[in-house]
Amino acid sequence: MVLTKQIATDLMSAMKNKETHKLEALRAVKTAFIVAKAAIGANAELSDDEELKIIQKLVKQRKDSAAEFTAQNRNDLADKELQEADVIAAYLPAQMSVEEISAAVAASIAQTGAQGMKDMGKVMGIVSKQLAGKADGKVISEVVKKLLA
């Protein structure tokens with residue numbers, strides 16, 4: 001809910017200042033929020049966690065697209081995607097370092113009594129909820145694999 005209002009305010013500011021790359025990125029976020037609200041119900045509101053998940057998804061999509069464009073030697077399109085990813089990522093909370101993630105994973109392993117890779121799903125479920133919005137899922141997965149191996 002808080003992010004929705006902030007996005008709307010920043011969208012108006014980007015329009016007034018004629019910041020086209022920021023405007024496109026914020027319009028994409030606003031559209032994603034509207035689509036998510038419509039999927040829930042007519043008068044539904046998104047929770048803060050849902051908003052963060054949508055923003056994370058949009059950042060990941062743009063980074064993946066940029067990687068594809070770079071692989072196809074289309075750096076002009078890759079740069080545009082990365083600029084939009086940076087604009088959208090500004091609305092995410094500060095990302096945790098690998099050391100902080102390792103500490104959280106170690107605590108969850110101790111809490112669940114995980115013994116090996118067979119317990120990875122248990123640990124990932126707990127850690128993913130704890131670190132939602134604060135760390136990338138791929139980094140969390142790598143740390144869990146390393147600590148359980």
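Reply: Start with Lys 118, which is exposed at a relative accessible area of 69%. The model is a predicted one.

Me: Why is Lys 118 called exposed?
Reply: The relative accessible area of Lys 118 is 69%.

Me: What makes Asp 119 count as buried?
Reply: Asp 119 has 9% relative accessibility. The cut-off for buried is under 20%, so Asp 119 counts as buried.

Me: Why are Lys 118 and Asp 119 said to meet in a salt bridge?
Reply: Their side chains have N and O at 3.5 Å. A salt bridge needs a side-chain nitrogen of Lys or Arg within 4 Å of a carboxyl oxygen of Asp or Glu, so the pair qualifies.

Me: How do you know that Glu 24 and Lys 80 form a salt bridge?
Reply: The N to O value is 3.1 Å. The limit is within 4 Å, so this pair passes. Glu 24 lies in helix α2 and Lys 80 in helix α4, so the bridge ties together parts 56 residues apart in sequence.

Me: Why is Glu 24 called partly exposed?
Reply: Glu 24 has a relative accessible area of 40%. Buried is under 20% and exposed is over 50%, so Glu 24 falls in between. Lys 80, at 34%, is also partly exposed.

Me: What makes Arg 62 and Glu 84 a salt bridge?
Reply: Their closest N and O atoms are 2.9 Å apart. Arg 62 and Glu 84 are both buried. Together with Glu 24 and Lys 80, they are linked in a network of salt bridges.

Note on methods. Residues are numbered from 1 along each chain as its sequence is written. This is a predicted model: local features need pLDDT of at least 70, side-chain atom pairs count only at pLDDT 80 or more; totals for chains, interfaces and linings use all residues. Side-chain values use heavy atoms; hydrogens and water are left out. Helices (H or I, at least four residues) and strands (E, at least two) are DSSP runs, numbered from the N terminus. Buried means under 20% relative accessible area, exposed over 50%, partly exposed in between (1.4 Å probe, protein chains only).
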